[in-house]
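Dear colleague,

I am passing on the structure we spoke about, and below it I have set out what came of going through it. Please read the notes with the structure open beside you.

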Amino acid sequence: MREIINGKNLVLGTCYYPEHWDRSLWEEDLNRMLEAGIRVIRIAEFAWNKIEPREGEYTYDFFDSFLDVVEKTPMKVIFCTPTATPPAWLTEEYPEVLNAQMDGTLYRHGSRRHYNYNSPIYQRFAANITEKSASHYAPRPCVIGWQIDNELNCETAEFYSESDTVAFREFLKKKYGTIEALNEAWGTVFWNQTYTAWSEVYVPRTTVSNSTNPHRVLDYLRFISDSACRFAGMQADIIRKYKKPDDFITTNGLFENLDNHRLTEESLDFMTYDSYPNFAYGVEGFDATDSLKDRKWSRNLTETRAISPNFGIMEQQSGANGWNTRMEAPTPRPGQMTLWTMQSIAHGADYVSYFRWRTCTVGTEMYWHGILDYSGRENRRLRELRDIHRRLEGMQEIAGSVYEAKVGILKDYDNIWDARLDRWHERVDRESLKNLFAAAQFTHTPVDFVYLTERTALSDLQRYEVLFYPHAVILTRERMRLLEAYVRDGGKLVMGCRTGYKDLSGRCVMDCLPGLAAEVTGTDIPEYTIIAPDEGKIYADWDGEKIEAAVFNDILAPAGENAEVLAVYENSYYAGEPALIRNRFGKGEAYYFGGAFSLDAAKAFLRRLGAAQPYAELIEAPEGCEIAVRRKAGAENGDAGCAAYLFVLNYQHEPVQIMLKRPMQELTCGKTEEGTVAVEKFGVKVYRMA
């Protein structure tokens with residue numbers, strides 16, 4: 001059985017860097033970790049030189065000596081491949097392994113993630129260091145799993161080296177077969193961009209006005225994802241040859257231009273995420289109007305859960321954050337480290353590893369604090385860690401249960417990537433995803449992100465009573481057949497403006513909009529417009545309720561005998577025209593909303609479709625609290641030995657009161673609570689529901 005994420009245990013870990021510390025500290029650090037409840041450490045992700053200090057020269061003494069110390073204790077180890085930081089001897093001798101900016105300027109040694117996935121030379125060296133590491137260290141009893149690289153596509157998710165151009169051409173040849181087919185897909189007749197030979201095709205390069213061919217860029221983003229997946233797969237294949245049967249393979253993320261579902265399916269046993277909620281407070285990029293603040297990190301955890309229902313946190317924030325060059329976030333206030341740990345667990349994490357044990361005294365991340373500060377002395381955060389461990393001892397039965405949601409937000413990688421390169425798409429997508437998630441949080445409506453992939457089945461959708469597909473700009477017949485079957489069988493589907501106007505190449509279709517979604521939504525779109533800056537906000541009247549139709553407006557018309565206008569625009573030149581149409585389709589209903597989803601619109605949909613506050617019969621809580629439920633298989637049927645668990649997370653800076661409408665046992669203290677219950681600031685309650 002795996003040591004972590006095994007359905008049996010909630011486990012705490014931390015990131016440790018023995019290469020940063022004198023050997024005299026190792027044993028002391030390990031014993032202090034164990035005393036505080038840490039059972040697993042991650043090591044070696046930036047330590048290539050400790051294994052291969054010069055080309056072809058290998059030494060295992062350093063990590064062998066460290067693992068010898070580890071094996072005197074019960075501590076377990078996640079060993080990493082060190083490919084995120086190629087050494088200076090490699091980049092100096094073989095500069096073609098380096099990534100480049102769009103104009104061709106190479107990224108030089110001195111930071112991290114300065115390599116490119118497609119250099120044959122780097123692939124050879126990466127495969128070799130993975131082989132040497134895995135073959136030597138995998139047999140060690142304390143090694144329980146492997147992390148591939150570190151944060152794939154972090155720092156940059158774009159690659160412009162000469163090796164990338166060569167690999168991009170091969171990617172396109174495999175996809176299109178002929179240069180003529182590529183020209184057709186990319187619409188190269190526009191601005192005389194037609195190619196006559198594959199040698200003329202490059203990764204995107206610097207152009208006048210930074211204009212791009214969007215169809216080329218869409219394929220380029222797909223290519224980046226493919227490159228990262230193949231690079232990880234190469235390492236995973238090597239590790240599998242040497243790892244012990246119960247040892248796992250993972251990596252940490254999530255970052256842009258990467259199909260994490262494919263990555264996980266091909267290479268990983270589960271995904272791990274790096275969670276830093278205090279960036280919501282950070283000076284850099286701080287938005288004082290963002291009412292979710294650190295709570296919005298639940299959206300990232302929801303993304304992780306969409307890949308692995310039970311997952312791990314490889315890096316959980318435990319201190320102040322920042323590089324010497326950018327990023328600033330303050331020290332967690334008393335209780336916040338606990339809150340963020342429970343936030344991760346509430347969303348499905350069965351393993352939480354804190355970054356890091358000791359705060360480094362040198363380098364770019366010397367302001368990225370861990371549990372211990374520079375001196376290593378006893379401190380408040382270490383005491384809080386001990387208390388977290390104590391609380392988790394009463395929560396072990398939660399392991400293996402999964403997050404419960406009856407509302408889903410549909411996503412797919414084609415539309416995610418298209419929104420990165422298309423300003424119109426990006427604006428509506430950003431607005432709606434932000435507000436749909438915030439509305440779900442404030443109405444205590446747990447949601448899942450549900451990805452449409454080649455492997456998505458109708459049964460995957462039928463778990464949800466309501467599905468939002470906010471802006472399916474790119475639609476395919478396969479996805480629409482799946483959605484039509486979902487609605488026909490009784491589901492409720494909600495779509496927003498800008499639906500169905502592109503194909504898989506990102507080309508605009510010549511169908512009447514919303515294209516492939518017209519039949520299921522019973523909608524025609526004779527006209528549309530981005531909202532002019534001098535218009536202010538555009539509102540729709542939904543049966544007497546005023547909701548904002550944000551960013552972009554489709555002017556609608558019902559199409560078909562089962563289509564019904566539910567709301568009309570209140571202002572602009574299209575005042576009185578339909579803004580929302582409901583179409584009865586089979587046993588279910590499809591809704592087409594002509595705007596992006598503002599916060600009030602998102603709340604209205606959740607409420608009117610009967611999806612909001614599914615646990616209202618159990619609990620009342622203020623908006624400042626998050627409600628989450630994890631349920632074991634069979635718990636909904638009352639099966640013996642199964643249970644469901646309700647989390648109450650108070651993100652507010654003051655105590656709140658909640659109302660429990662039936663007695664429930666609070667697991668972290670073992671007491672049964674009912675009626676009015678106080679939850680301290682940054683406090684957490686975890687109840688067994690059944």
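Strand β11 (residues 407-411) and β12 run parallel and are joined by 5 bridges, and within this pairing Lys411 stands opposite Tyr451 in β12. Please keep in mind throughout that this is a predicted model. The two strands belong to an open sheet of 10 strands with mixed pairing, in the order β12-β11-β13-β14-β21-β20-β19-β16-β17-β22. Because β12 (447-451) and β22 (596-597) stand at the edges with a single partner strand each, one side of each is left without a neighbour in the sheet.

Further along that order comes β20 (residues 578-585), a strand that is mostly covered, with 7 of its 8 residues buried. On one side, β20 pairs with strand β19 (residues 563-569) in the antiparallel sense over 5 bridges, and here Val565 stands opposite Ile581 in β20. β20 is also joined to strand β21 (residues 588-593), again antiparallel, by 6 bridges, with Arg584 opposite Glu589 in β21. The hairpin of β20 and β21 has 2 residues between the strands, and in it Gly586 takes a positive phi near 65 degrees.

There is a second open sheet to look at, made of 9 strands with parallel pairing, in the order β5-β4-β3-β2-β1-β9-β8-β7-β6. Its edges are β5 (248-250) and β6 (252-253), each of which has a single partner strand, so that one side of each is left without a neighbour in the sheet.

Which residues does Thr272 contact, leaving aside its neighbours within four places in sequence? They are Thr250, Thr251, Asn252, Gly253, Gly312 and Met314. Thr272 itself lies in strand β7 (residues 272-275), and its side chain reaches the backbone oxygen of Thr251 at 2.7 Å. Thr272 counts as buried because its relative accessible area is 1%, where the cut-off for buried is under 20%.

As for the helices that accompany this sheet, helix α2 (residues 61-70) lies across β2 (40-43), β3 (76-80) and β4, and runs at about 175 degrees to β2. Helix α11, in turn, lies across β1 (11-15) and β9 (349-355), running at about 155 degrees to β1.

Helix α11 (residues 380-393) also packs against helix α10 (residues 336-346), at an angle of about 35 degrees and with their axes 9 Å apart, and the crossing of α10 and α11 is right-handed. From α10, the residues Gln336, Met337, Thr338, Thr341, Met342 and Ile345 meet Arg381, Glu384, Leu385, Ile388, Arg391 and Leu392 in α11. Sorted by class, this contact of α10 with α11 has 6 nonpolar, 3 polar and 3 charged residues.

Met102, by contrast, is partly exposed, with a relative accessible area of 30%, and its place is in the loop between α3 (88-93) and α4 (120-137). When neighbours within four places in sequence are left aside, Met102 is in contact with Tyr160, Pro204, Arg205 and Thr206. The C-alpha atoms of Met102 and Glu158 are separated by 8.5 Å, although the two residues are 56 residues apart along the chain.

With kind regards

How values were computed:
Residues are numbered from 1 along each chain as its sequence is written. This is a predicted model: local features need pLDDT of at least 70, side-chain atom pairs count only at pLDDT 80 or more; totals for chains, interfaces and linings use all residues. Side-chain values use heavy atoms; hydrogens and water are left out. Buried means under 20% relative accessible area, exposed over 50%, partly exposed in between (1.4 Å probe, protein chains only). Helices (H or I, at least four residues) and strands (E, at least two) are DSSP runs, numbered from the N terminus. Two strands pair if DSSP finds at least two bridges between them. Axes are lines fitted to C-alpha atoms, for helices over the stretch in contact, and angles run from 0 to 180 degrees between N-to-C directions. A crossing is left-handed if the near helix is turned anticlockwise from the far one by less than a right angle, and right-handed if clockwise. Contact means heavy atoms within 4.5 Å. Ala, Val, Leu, Ile, Met, Phe, Trp, Tyr, Cys and Pro count as nonpolar, Asp, Glu, Lys and Arg as charged, and the others, Gly among them, as polar. A polar contact is a pair of N or O atoms within 3.5 Å; within protein, one must be able to donate a hydrogen and the other to accept it, and residues adjacent in sequence count only if both atoms are side-chain atoms.
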